[in-house]
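Come along while I look things up, one entry at a time.

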Amino acid sequence: MDTIINKAYRYYNRALNLIDNSKVSLAKDELKKAVNAYPKDIDILNLMGVCEYYLCNFEEAYRYWTKSLKVTEQDNHAKEYIDFLASEEFDKLAINYNKVVGYVSEEKYKSAVHILKKIIRDYNELIEPYEILTMCYLKLNKVEEAEKCLDELLKKDYENLYYMKSKYKLKSIVGPKREDSKLYKKIKGLRNVGIVLLIIILILVLVTIIRYLN
């Protein structure tokens, strides 16, 4: 039994370290292993719920926190988390989130962007709004805004799968940066050679003029 608990806590500690390094999606994978190994630990269940909350899987967050309370209610933060999910504040968040989903399904991306910016401002810890906002910007052909949004997503969840897919998509839209392209480097090299040759020619002309004057 001790071996199982120790194994679960190795996964749990890895997850904590990953969250500290803004790798929530990877932390969730480790916590799944921890829950499977020892499903009666409130710290593991609560942290799993927190990860699900960050990723906007609110029903899953509620499920893990409820499981945690079934283990014990004493000194258990799950009660506070569940109280938040039952609050008017969360109701407003859920209503706005559902509006975003509706606007996106209707291809009203500008309206979705407006609400997503508000959600991000008020609930900066959530990850999925950055994913949806990036997608909206891509649909609106706002490449620069999409890139900025992806950079913010990277700070929240370093190895986020959506980030990787969207970054690849952005590269296909924008193409390589001018300074990274082989053609640009070749032209730049030729231009530098041309400048050197021009300087040499000017020096030779100047020398000829000086000799002529002398």
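**Entry 1: the whole chain**

What percentage of the 214 residues of the protein count as buried? I looked it up, and 34% do; buried means under 20% relative accessible area, exposed over 50%, and partly exposed in between (1.4 Å probe, protein chains only).

Before going on, I noted that this is a predicted model, in which local features need pLDDT of at least 70 and side-chain atom pairs count only at pLDDT 80 or more, while totals for chains, interfaces and linings use all residues. Residues are numbered from 1 along each chain as its sequence is written, and side-chain values use heavy atoms, with hydrogens and water left out.

Next I asked how many helices and strands the protein has. I found 11 helices and 0 strands; helices (H or I, at least four residues) and strands (E, at least two) are DSSP runs, numbered from the N terminus. Read from the N terminus on, the elements run α-α-α-α-α-α-α-α-α-α-α.

I then checked contacts, meaning heavy atoms within 4.5 Å. Of the contacts with a separation of 6 or more, 51% come from residues 24 or more positions apart.

**Entry 2: the core**

Which residues touch the most other members of the largest nonpolar core? They are Leu31, Trp65, Val100, Leu126 and Cys136, in a core of 53 residues. Such a core is a set of buried Ala, Val, Leu, Ile, Met, Phe, Trp, Tyr and Cys residues joined through side-chain atoms within 4.5 Å.

I followed up on cysteine 136. Leaving out residues up to four places away in sequence, cysteine 136 touches Val104, Tyr109, Ala112, Val113 and Leu116.

**Entry 3: H2 against H3**

I turned to a pair of helices. The axes of H2 and helix H3 (residues 42–54) come within 10 Å and cross at roughly 150°; axes are lines fitted to C-alpha atoms, for helices over the stretch in contact, and angles run from 0 to 180 degrees between N-to-C directions. On the H2 side, the contact is made by Val24, Ala27, Lys28, Leu31, Lys32, Ala34 and Val35. H3 brings Ile44, Leu45, Leu47, Met48, Cys51, Glu52 and Tyr54.

What kinds of residues make up this contact of H2 with H3? I found 11 nonpolar, no polar and 3 charged. Here Ala, Val, Leu, Ile, Met, Phe, Trp, Tyr, Cys and Pro count as nonpolar, Asp, Glu, Lys and Arg as charged, and the others, Gly among them, as polar.

In the loop between H2 and H3 I came across proline 39. Proline 39 is partly exposed, at 44% relative accessible area. Its C-alpha lies 8.9 Å from that of alanine 8, although proline 39 and alanine 8 are 31 residues apart in sequence.

**Entry 4: salt bridges**

How many salt bridges does a search of the whole structure find? The search gave me 9, a salt bridge being a side-chain nitrogen of Lys or Arg within 4 Å of a carboxyl oxygen of Asp or Glu.

One of them joins lysine 33 and glutamate 30, at 3.4 Å from N to O. Both residues lie in helix H2 (residues 24–37), 3 residues apart, about one turn of the helix. Lysine 33 is partly exposed at 38%, whereas glutamate 30 is buried at 13%. I also saw that Arg14, Glu30 and Lys33 are linked in a network of salt bridges.

Then I went to aspartate 122. Lysine 118 forms a salt bridge with aspartate 122, with the closest N and O atoms 3.3 Å apart. The two are 4 residues apart in helix H7 (residues 109–122), so about one helical turn separates them. Arginine 121 also forms a salt bridge with aspartate 122, at 3.1 Å.

Are these residues buried or exposed? Lysine 118 is partly exposed at 40%, aspartate 122 is partly exposed at 39%, and arginine 121 is exposed at 59%.

**Entry 5: positive phi**

Where is glutamate 107? I found glutamate 107 in the loop between H6 and H7. Its phi is near 65°, a positive value in a residue other than glycine, and glutamate 107 is exposed at 57%.

Asparagine 141 has a positive phi of about 60° although it is not a glycine. I located asparagine 141 in the loop between helix H8 (128–139) and helix H9 (143–156), where asparagine 141 counts as exposed at 65%.
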